[in-house]
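My entries follow the order in which I looked things up.

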Amino acid sequence: MTRTVKGRTDHVVVVGAGFAGLSAALHLLGAGRRVTVVERDPLPGGRAGRMDLGGYRIDTGPTVLTMPDLADEAFAAVGDSLYDRVELIPLHPAYRASFADGSALDVHTDGDAMAAEVERFAGAAEAAGYRRLRTWLERLYRAQMRHFIDANFDSPLDLLTGDLARLAALGGFGRLDRRIGRFLKDERLQRVFSFQALYAGVPPARALAAYAVIAYMDTVAGVYFPRGGMHALPQAMADAAADAGAELRFGQEAARLERSGDRITAVVTGEDRIPCDAVVLTPDLPVAYRLLGRRPRRPVRLRHSPSAVVLHAGTDRTWPHLAHHTISFGAAWRTTFDELTREGRLMSDPSLLVTRPTATDPSLAPPGRHLHYILAPCPNTALGPGAAAWGELGPRYRDSLLRELERRGLDGIGAAVDEECLVTPADWLGQGHAAGTPFSAAHTFLQTGPFRPRNLVRGTENAVLAGCGTTPGVGVPTSLVSGKLAAARITGGTVRPANRPAPARAEEAPA
């Protein structure tokens, strides 16, 4: 029996209206709790915010949506449906991968389509290897979801289930790059199914093979885009919560928590004092611990994931060879990860994610205009350049990224930009993200599962953490699960894993 908060839990205040907070709110409402959500920004979304710039509607956070059934679980908790509120467009291809040798590969989530693409790209032997890899990824996901991802931990002993043996038998505790290499010999294909480890803050050569579950979400379960942008999802969640009776207070930042002994009795904002029986805290860990006035004891300091520089660029033209999501790989690979995670240097030969949301939803830009989101991984501020350095470094790095994209076939991109917003680690730090990274604590072995910062805080009976810094970790799907797990800590309810990806609910989107 997993631990739950003690005492009354009739009224719960959720601090933060990001994916984790809104998921927690919906699950709490479904369990009969009265819920108040306080959010410092004027809109819901947290990291998945919205910026309007010169007629462009820009998503300020994640651009890749996988596993939408995890979001639908939250809606279903209050008798609602994600699919009634948001039009989800499945992306075909999910990604386009381009390589330094000039080759390109479309990543399809349909097995037959992807096998055919791999055969065209690298031959029949690699296509057969892909089919074996896909089967392994599906088995890996089934072994992990119930007892490792969608689960609260009170002790490392909670790992001792039949799924642990199954995960070990699948090679989940080996190294990711070696396991992928058992199926695929083409180095370019190995990249496509292992780069996702960087989401978890660990290079493929040092990541556990278990993290290939992220590749399952990206390359098997399907990638989707909400019409209206990624922000449409948290907005729909907030609307559903309001319709189910939640009180949503936007533009109110939690300044402090009142406590009586080991219990939080009220959340105090700049405008009001809100009494509560329990609280869910979703800000990044340093902010949550500051509010609580205490932090857990850890034998080793937390290591944080690399950060990212993001250039949001509205342009007067586009480049037809770009898909909705295009991964532009440089020639370098292992050295790139060393630069990001060991040396604290900017990538000398960068691999970049270029997202073109207007390929799927032209309404996100003014007529005749296009929106591009260029993400370049970079060291966090604890390892690499500090916040002060980015004031001068940011504009120079922005220019070098555009020059690199010009060399990679985006002719004239620098001159095509008519509106832009540059986000650097200094900006992430200013938003309260530790080490200037929106990707929180890295998923090293000692920062995963029962070893990750717990969602229950020692010394506080009725506070629960949610978000990417705690269980189960970084990403949109895991943040949604985190909110559900936090709610279960309060309600005492069991959580029901969602083991199936959503069926397609809309027509295929053009590349």
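Predicted model: local features only at pLDDT ≥ 70, side-chain atom pairs only at ≥ 80, totals over all residues.

**Entry: strand β18**

I began with β18, residues 370–378. Which strands are joined to β18 by bridges? I found two partners to note. Strand β17, residues 352–355, is joined to β18 by three bridges. The two run antiparallel.

Strand β15, residues 307–315, is joined to β18 by nine bridges. This pair also runs antiparallel. Here I noted G314, which stands opposite L371 in β18.

Is β18 mostly covered or mostly open? I checked the burial and found it mostly covered. Eight of its nine residues are buried.

**Entry: the sheet with β11, β12 and β13**

I moved on to an open sheet of three strands. Its order is β11-β12-β13, and the pairing is antiparallel. Which strands form the edges? They are β11 (254–260) and β13 (273–275), each of which pairs on one side only. From one strand to the next, I read an average twist of 25°.

What packs on this sheet? I found helix α11, residues 285–292, touching β11 and β12. The direction of α11 makes about 45° with that of β11.

Then I went back to the bridges. Strand β12, residues 263–269, has three bridges to β13, and these strands run antiparallel. V268 stands opposite R273 in β13. I reminded myself that in a regular strand the side chains alternate between the two faces of the sheet.

**Entry: the sheet with β5, β9 and β6**

I looked up another open sheet of three strands, in the order β5-β9-β6. Its pairing is antiparallel. The edge strands are β5 and β6, and each pairs on one side only.

How many bridges join β6 to β9? I counted three, between β6 and strand β9 (residues 223–226), with the strands antiparallel. For a named pair I took P90, whose bridge partner in β9 is Y224.

**Entry: α2 against α16**

Next came a helix pair. Two packed helices are described by the angle between their axes and the distance between the axes, so I looked up both values. The axes of α2 (residues 68–77) and α16 (residues 476–491) come within 8 Å and cross at roughly 25°. Angles under 35 degrees count as roughly parallel, so α2 is roughly parallel to α16.

Is the crossing left-handed or right-handed? I noted it as left-handed. Which residues meet there? From α2 I listed L70, A71 and E73. From α16 I listed P477, L480, V481 and K484.

**Entry: backbone exceptions**

I then searched the loops. Most residues other than glycine have a negative phi, and most peptide bonds are trans. I wanted the exceptions.

Where do cis peptide bonds turn up? One runs from H92 to P93, with omega near 0°. P93 is in the loop between β6 (88–90) and β7 (95–98). Another runs from T471 to P472, with omega near -5°. P472 is in the loop between β20 (463–465) and α16.

For positive phi I recorded M67 and A435. The phi of M67 is near 55°. M67 is in the loop between β5 (65–66) and α2. Is M67 buried or exposed? Its relative accessible area is 2%, so M67 counts as buried.

A435 has a phi of about 60°, although it is not a glycine. It is in the loop between α15 (425–430) and β20. At 12% relative accessibility, A435 is under the 20% cut-off and therefore buried.

**Entry: cysteines**

Last, I looked for disulfides, requiring two cysteine sulfur atoms within 2.5 Å. How many did I find by this rule? The count is zero.

At 10% relative accessibility, C276 counts as buried.

Technical notes: Residues numbered from 1 in each chain as written. Heavy atoms only, no water. Buried < 20%, exposed > 50% of the residue type's maximum accessible area, 1.4 Å probe, protein only. Helix = DSSP H or I, 4+ residues; strand = E, 2+ residues; numbered from the N terminus. Pairing = 2+ DSSP bridges. Axes fitted to C-alpha atoms, helices over the stretch in contact; angles between N-to-C directions. Parallel < 35°, antiparallel > 145°, perpendicular 65-115°, else oblique. Left-handed = near helix turned anticlockwise from the far one by under 90°. Contact = heavy atoms within 4.5 Å.
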